[in-house]
Amino acid sequence: MKNRVLTGLIGGAIVIGFLCGMFTFLLPVMVALIAGIGLFELQGAVGLKNIPLRVLTIAVAAFIPFWSAYSLRIPVYIAAACYVIAALVIMVVCHKSVSFAALFPTLFFSVVFPMAFTPMIWLRDLYIQRASFTKAIGVFLVLFGFFSAWATDIFALLIGRKIGEHKLAPNLSPKKTVEGAIGGLVGAVVFDILLFIVFRRF
């Protein structure tokens with residue numbers, strides 16, 4: 001419990017530090033780090049041991065947020081073709097150390113992970129696309145996502161430990177409870193309302 005809280009506080013402090021520079025290069029850096037770390041963990045889970053492929057896929061995952069943030073003029077089909085060709089070359093050269101069962105999830109999620117978090121950059125830049133939006137609205141929408149995730153996790157943990165009795169999905173996650181899930185949902189709604197009130201006020 002203490003380790004989880006400490007990890008959450010450290011992670012939250014790091015994210016808040018990046019968000020303070022939201023309108024600089026720090027936001028795409030944060031998204032790239034999240035995508036890269038997530039893919040690194042996935043590679044270990046699926047058992048991908050080929051170092052060149054691990055480096056290539058993480059590099060692609062980290063590159064996508066910058067591509068989106070700075071509108072790099074590289075056609076999608078050219079980037080995709082280069083990526084596939086590079087992966088195929090490594091597969092041919094290192095075929096003895098490449099597991100296809102581990103490779104394909106890695107290739108798939110090397111695109112999915114960064115694209116799942118890149119909308120933070122799109123939300124930040126809404127004020128560029130629409131005159132009715134301001135930078136403050138972009139900040140609110142990005143924080144809304146983080147607050148929803150954090151509040152859900154915190155309240156689900158606290159309520160689940162305090163009064164949780166009915167298992168939510170015992171085969172998937174034995175410690176999750178129905179009470180914790182409800183507590184997480186309610187906590188997220190309360191935090192998001194408070195966030196909205198603060199932004200409306202200040």
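Student: Hi! Let's start with R124: is R124 buried or exposed?
Tutor: R124 is buried, because its relative accessibility is 8% and the cut-off for buried is under 20%. Keep in mind that this is a predicted model.

Student: OK, and what does the side chain of R124 meet?
Tutor: The side chain of D125, in a salt bridge with 2.9 Å from N to O. Side chains of opposite charge can pair when their charged atoms come close.

Student: Is D125 buried or exposed, then?
Tutor: D125 is buried, with a relative accessible area of 15%.

Student: Let me zoom out. How many helices and strands are there in the protein chain?
Tutor: The protein chain has 9 helices and 2 strands. Reading from the N terminus, the order is α-α-α-α-α-α-α-α-β-β-α.

Student: What does the C-alpha trace span along its principal axes?
Tutor: About 55 × 50 × 25 Å. Of the 202 residues in the chain, buried ones make up 30%.

Student: Now helices. How do the axes of α2 and α3 cross?
Tutor: Helix α2 covers residues 26-46 and helix α3 covers residues 51-69; their axes come within 8 Å and cross at roughly 155°. That makes α2 roughly antiparallel to α3, because angles over 145 degrees count that way.

Student: Is that crossing left-handed or right-handed?
Tutor: The α2 and α3 crossing is right-handed.

Student: Changing topic: where is Y83?
Tutor: Y83 sits in helix α4, which runs over residues 76-93. Y83 is buried, at 13% relative accessible area.

Student: How far apart are Y83 and V60?
Tutor: In sequence they are 23 residues apart, while in space the distance is 7.9 Å from C-alpha to C-alpha.

Student: What about the surface: which residues form the nonpolar patch?
Tutor: Its members include L168, V178, I182, L185, F191, F196 and I197. Together, the residues of the patch have about 1,100 Å² of accessible area.

Student: Which helix gives the most to that patch?
Tutor: Helix α9, residues 178-201, with 11 residues in the patch. I197, for one, has its place in α9.

Student: And why does I197 count as partly exposed?
Tutor: Because its relative accessibility is 48%, and partly exposed lies between the buried cut-off of under 20% and the exposed cut-off of over 50%.

Key. Residues are numbered from 1 along each chain as its sequence is written. This is a predicted model: local features need pLDDT of at least 70, side-chain atom pairs count only at pLDDT 80 or more; totals for chains, interfaces and linings use all residues. Side-chain values use heavy atoms; hydrogens and water are left out. Patches are made of residues with over 30% relative accessible area and no salt bridge: like charges are joined within 9 Å, nonpolar side chains (Val, Leu, Ile, Met, Phe, Trp, Tyr) within 5 Å. Accessible areas come from the Shrake-Rupley method with a 1.4 Å probe; for residues, only the protein chains shown count as cover. A salt bridge is a side-chain nitrogen of Lys or Arg within 4 Å of a carboxyl oxygen of Asp or Glu. Helices (H or I, at least four residues) and strands (E, at least two) are DSSP runs, numbered from the N terminus. Buried means under 20% relative accessible area, exposed over 50%, partly exposed in between (1.4 Å probe, protein chains only). Axes are lines fitted to C-alpha atoms, for helices over the stretch in contact, and angles run from 0 to 180 degrees between N-to-C directions. Angles under 35 degrees count as roughly parallel, over 145 as roughly antiparallel, 65 to 115 as roughly perpendicular and the rest as oblique. A crossing is left-handed if the near helix is turned anticlockwise from the far one by less than a right angle, and right-handed if clockwise.
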